[in-house]
Amino acid sequence: MLVLVVMNRANGALIERFYRDLAEGFRHAGATAELILFDSDGDWGWYEDLCQRIDGLAERGQGFFVVDCNAKLKYSLCRHKTFPRFSFVTDAPWSQHDNIFGYDGAMTVNYVDQRHVHYLRDMGCPHPAVFLPHGGPQAAPDSLPMDRRDIPALFVGNLAIPPTFAGFRARLADAPAYLAALCEQALPQVLEAAADPYLALRACGQARGIDCAKDLAGAVVARLVGHIAAYAEAYHRLAALRALSRVPLLWAGDVGESVRAHGLEHVEFLGPVSAGHALELMGRSRVVLNSVSVFRAGSHERIWYGMANGAVIVTDPSSYVAEDFTYGRHLLDIGVAGQDHGQGLRDLLEQPRALQDMADAARPIYQRRHTWYQRADFIYSCMDQ
């Protein structure tokens with residue numbers, strides 16, 4: 001079986017890296033996997049060549065399928081739109097609503113959080129959808145032991161501006177008043193009870209006699225839910241890192257100057273880094289932090305890439321992650337860690353043996369269940385039906 005893995009170059013993000021690792025996963029499964037990387041700002045001659053190649057494969061009846069990212073490509077130059085395609089949606093489906101719902105060919109998509117299925121079903125997703133969370137690479141065989149790691153705690157991610165409720169309201173200024181009110185009512189459920197943004201909006205709508213699926217256009221729902229989710233993610237991320245005020249943190253990413261002044265005196269800001277640099281930092285860190293509010297029943301790649309590189313993970317609680325890992329034994333809850341300003345975590349950072357035991361306990365579970373090898377096997381089984 002030939003697998004064409006198509007991905008745009010994304011320097012500074014782990015997504016391109018995980019497509020490379022996913023291609024390796026297909027090869028491990030026995031497929032012939034070819035990674036096609038393109039520059040979205042460059043010459044698109046490759047696109048015509050790819051569409052011609054897909055048509056040729058389809059017409060010859062050769063066994064193949066395409067794996068790409070976020071349903072962005074429309075394959076408009078293909079004569080045959082029924083070729084087998086799996087598009088890995090890397091974030092919440094509302095963030096790629098137009099791409100997913102606007103494609104008229106054959107396609108299977110995934111959702112990375114088990115709760116996202118409700119959005120796809122309610123909005124009438126025209127494609128088969130399966131739960132498939134992020135994964136990670138094979139565990140590094142030569143990862144540094146804890147007592148040789150020089151970075152206490154690392155966070156890799158971006159935050160341009162600090163979230164404010166005034167800003168939240170301002171960005172809803174052009175929405176009808178009743179929809180803006182729904183968003184304001186849904187937001188506390190997401191911030192305080194870790195509710196799924198779409199389910200929170202849907203519940204608030206139902207209380208007012210509004211059916212999001214029937215009474216609102218899908219693109220409108222996507223925009224409203226995306227607005228809630230973006231605010232919640234920034235809010236939780238900043239709150240979690242501020243709460244760890246006694247823990248020396250290294251933040252690698254694009255961080256706005258106004259964010260840096262928000263009670264983050266314990267943080268050293270490195271600025272944006274490449275994917276390779278981010279992985280090198282993870283390999284030197286005792287703990288890797290993760291906070292993504294829309295993955296509470298799924299997993300972000302930061303968890304798995306940090307774990308693969310021998311770090312202990314400090315993350316938002318996830319019901320999916322908890323199916324295999326125990327918080328407190330294999331990894332740590334970032335909210336619990338911040339309850340004492342991070343003093344308990346700071347004390348733990350000075351106990352490399354205890355941290356090593358946690359990393360060693362998590363490693364075999366991760367290697368058995370959550371690498372791109374397992375994710376590739378799952379995609380292969382979906383496309384082989």
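Valine 67 has phenylalanine 86 of E4 as its bridge partner. E3 and strand E4 (residues 85–88) run parallel, paired over four bridges. Two strands count as paired if DSSP finds at least two bridges between them. Strands (E, at least two residues) are DSSP runs, numbered from the N terminus. The model is predicted: local features need pLDDT of at least 70, side-chain atom pairs count only at pLDDT 80 or more, and totals for chains, interfaces and linings use all residues. Residues are numbered from 1 along each chain as its sequence is written, and side-chain values use heavy atoms, with hydrogens and water left out.

**Strand E3**

- Strand E3 covers residues 64–69; six of its six residues are buried, so the strand is largely enclosed by the rest of the structure.
- Buried means under 20% relative accessible area (exposed is over 50%, partly exposed in between; 1.4 Å probe, protein chains only).
- In a regular strand, side chains alternate between the two faces of the sheet.
- Both faces of E3 are covered: Phe64, Val66 and Asp68 are buried on one side, and Phe65, Val67 and Cys69 on the other.
- E3 also pairs with strand E1 (residues 2–8), in the parallel sense and over four bridges.
- Leucine 2 has phenylalanine 64 in E3 as its bridge partner.

**Aspartate 68**

- Aspartate 68 belongs to strand E3.
- Its relative accessible area is 1%, so aspartate 68 is buried.
- Contact means heavy atoms within 4.5 Å.
- Neighbours within four places in sequence aside, aspartate 68 is in contact with Val6, Tyr19, Leu73, Tyr75, Arg85, Phe86, Ser87 and Phe88.

**Nonpolar cores**

- A nonpolar core is a set of buried Ala, Val, Leu, Ile, Met, Phe, Trp, Tyr and Cys residues joined through side-chain atoms within 4.5 Å.
- The largest core has 114 residues, and Phe26 and Tyr75 have the most contacts inside it.
- Apart from that core lies another, of 30 residues, including Ala153, Val259, Val312 and Leu348.
- Tyrosine 75 touches Val6, Tyr47, Leu50, Cys51, Ile54, Val66, Asp68, Lys81, Phe83, Arg85 and Tyr103, leaving out residues up to four places away in sequence.

**The six-stranded sheet**

- Six strands form an open sheet with parallel pairing, in the order E9-E8-E7-E10-E11-E12.
- Strand E9 (267–271) and strand E12 (332–333) are the edges, each pairing on one side only.
- Strand E7 (residues 151–156) pairs with strand E10 (residues 285–290) in the parallel sense, over four bridges.
- Alanine 153 stands opposite valine 287 in E10.
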